[in-house]
Amino acid sequence: MKIGVCIKRVPDTETRIKIGADGKSIDESGVKFVLNPFDEYAVEEALKLKEQAGGEVVVVCLGTEASQETIRTALAMGADSGVLLKASAVPLDPLVVARALAAELEQGAFDMILFGKLAIDDYGQAVGTMVAELLGLPSVSAITRLEVTDNTATAQREVEGALEVVEFSLPAVVTAEKGLNEPRYPALRGIMLAKKKPLEIKEVDLDQGGMEVVELTLPPERKAGRIVGEGPDAVPALVDALRNEAKVV
Amino acid sequence: MPHILAVLEQRGGVAKKVSQETLAAARSLADDLECEVHGLLIGPPNMKGDGLGEYGADKVLTSLDGELELYQASRYGQVAAEQATAGEYAAIVVAATSLGKDLGPRIAARLGCTLASDVTGISGSDGIAVSRPAFSGKAIYRIKITTRPCVISIRPNAFSPILTSHPGTIEEVSAGNGGKASDARTVAVKAPEHATMDVAEASIVVSGGRGLREAEHFKLVEELAQALGGAVGASRAVVDAGWRPHAEQVGQTGKTVSPNLYIALGISGAIQHLAGMRTAKVIVAVNKDADAPIFKVADYGIVGDVFEVVPRLTEEIKKAKDG
């Protein structure tokens with residue numbers, strides 16, 4: 001089975017965001033970048049599929065030069081090879097990203113392509129499903145369970161207050177939600193091996209699509225609240241405030 | 001003149017409440033652009049599509065088929081893209097629900113257009129511009145959308161339904177051709193293991209963190225949530241510890257919520273958690289540590305032991321509700 005996984009390099013979740021000098025992007029100084037957490041689930045699931053059915057796992061990443069490090073992380077987890085679609089920046093328009101990835105994936109004859117359900121920087125949750133549509137492949141987004149038997153698969157996705165069970169045939173695209181699996185940590189041996197695994201770099205030239213960033217701002221600070229009191233004796237005052245002041249109860 | 005297409009959601013043939021919000025967002029954009037709002041409701045044959053005009057739809061298009069009762073990604077995508085192409089639309093608006101987050105990208109890819117997700121503000125007074133959170137709400141983008149059409153998904157609870165005196169018309173449209181055999185098919189919708197309200201949809205959320213010390217103590221959180229008619233949420237720490245299902249996680253790698261009331265119990269307020277709930281209208285925190293970061297965003301705080309404060313709070317809420 002040939003399995004593709006698309007990944008992205010993103011600021012760590014603990015990052016305190018500062019706005020850059022252009023007022024349209026974040027200040028990257030001092031920011032720690034990591035493999036997008038949802039992509040870790042995608043890589044893990046791909047490795048499990050390979051363990052089950054054999055084959056190879058190819059990691060594809062659209063990003064700047066620095067994304068090589070992110071690809072190495074996935075290779076250290078156990079993926080076999082990587083492709084960096086090297087761009088000067090990753091555009092915000094998900095269709096531009098999806099088209100670039102689809103053009104690369106189309107040539108790969110993949111049986112299964114996995115994505116994280118979203119990247120925690122842009123929070124768009126669109127690229128994986130767009131790629132599936134562009135390639136004309138069946139797809140299921142935000143899955144928490146996947147079972148593959150030969151050329152058919154069943155996935156489960158959580159929707160508001162229920163679980164959808166979806167059947168589809170391969171080749172297909174799925175995007176991973178937290179809960180799908182427990183991603184493995186790269187072992188030292190994996191990290192050493194990853195250094196020698198093939199990583200191909202292809203330059204891509206992207207436009208900004210249909211989105212023009214006017215500004216990036218920090219959310220308004222919440223007004224300072226007040227401590228109603230200490231311990232259970234403060235509860236009546238809190239309930240009173242919720243009823244009569246905030247009017248939410 | 002291009003209009004706005006609002007793709008709506010139904011359950012059991014009845015439009016969901018979030019559809020009123022989708023219409024409100026579409027209506028405000030249409031008012032700026034001086035055009036009409038067309039609602040598209042995809043669902044089972046017995047669905048009427050009535051009662052939506054007063055929420056802002058000039059016309060409601062219904063696409064009816066027995067197979068469309070459940071969300072079928074490919075067919076819904078086909079029907080919506082077909083309608084979006086058949087009319088002349090400046091924008092297609094969906095709700096950023098589980099359904100909309102899957103359907104929006106399908107429509108955009110089929111139309112070959114851009115998609116702005118999880119939008120919290122929308123304006124058509126100088127071209128189409130949107131505000132949308134990034135980094136799970138740690139920052140906000142203001143974006144000009146420079147191409148037409150475009151797809152916009154709106155965050156639930158960010159737009160308030162509007163009421164008009166306009167009745168609106170209803171028109172039945174194509175239900176697509178049934179799709180390909182290889183399409184993914186939703187074969188069942190199961191109730192989750194615990195039948196609970198979804199944390200992202202609820203207008204009141206009660207969340208618990210490490211301060212509860214063990215999984216069993218989440219009963220305190222559940223009881224307060226029940227007394228308030230709200231949903232249970234959880235911090236990443238307790239989800240990673242296996243105390244609660246990940247579907248309840250609030251934060252950057254969980255859900256982003258904007259309820260009317262968010263109550264944080266024994267949650268210190270890590271950056272990634274604050275990112276997921278800071279847009280709540282009212283935030284209440286109960287924590288032993290007076291210096292916990294959660295108090296910096298809370299409107300009301302009680303410094304104290306959750307095991308003493310929460311039972312009392314549940315009791316007082318019950319009393320207040322009965323009174």
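Domain bounds here come from an automatic or database domain assignment. For chain B, that assignment gives domain 1 (3-173) and domain 2 (204-322), so colour those two ranges to begin.

Before you click further, some housekeeping. This is a predicted model, where local features need pLDDT of at least 70, side-chain atom pairs count only at pLDDT 80 or more, and totals for chains, interfaces and linings use all residues. Residues are numbered from 1 along each chain as its sequence is written, chains are lettered from A and ligands numbered from 1 in written order, and side-chain values use heavy atoms, with hydrogens and water left out.

**Stop 1: the two domains of chain B**

The C-alpha centres of the two domains of chain B sit 32 Å apart. Six residues of domain 1 and nine of domain 2 make the contact (heavy atoms within 4.5 Å). Between them the domains bury about 630 Å², 46% of it on carbon and sulfur atoms; buried area is the accessible area (1.4 Å probe) that two parts lose on being put together, summed over both. Now select B:Ser136, B:Lys138 and B:Arg155: in domain 1 they lose the most area to domain 2, together 72% of what that side buries. How many salt bridges cross this interface? The rule, a side-chain nitrogen of Lys or Arg within 4 Å of a carboxyl oxygen of Asp or Glu, finds zero.

**Stop 2: the largest cavity**

A cavity is a set of points on a 1 Å grid over the protein atoms alone where a 1.4 Å probe fits but cannot get out; lining residues have an atom within 4 Å of a point. Grid points are joined across faces, edges and corners, and volume is the space filled by probe spheres set on the points. There are five cavities of 30 Å³ or more.

The largest holds about 390 Å³. Select A:Lys8, A:Val97, A:Ala119, A:Asp122 and A:Val127, the closest to its centre among 29 lining residues. The lining divides into 18 nonpolar, six polar and five charged residues (Ala, Val, Leu, Ile, Met, Phe, Trp, Tyr, Cys and Pro are nonpolar; Asp, Glu, Lys and Arg charged; the others, Gly among them, polar).

**Stop 3: the second largest cavity**

Next, pick A:Ser139, A:Val140, A:Val166, B:Ala73 and B:Thr186, which lie nearest the centre of a cavity lined by 13 residues. Its volume is about 70 Å³. Five lining residues are nonpolar, four polar and four charged.

Notes
On a 1 Å grid over the protein atoms alone, a cavity is a set of points where a 1.4 Å probe fits but cannot get out, and a pocket is an open set with protein on both sides within 12 Å along at least five of seven lines; lining residues have an atom within 4 Å of a point.
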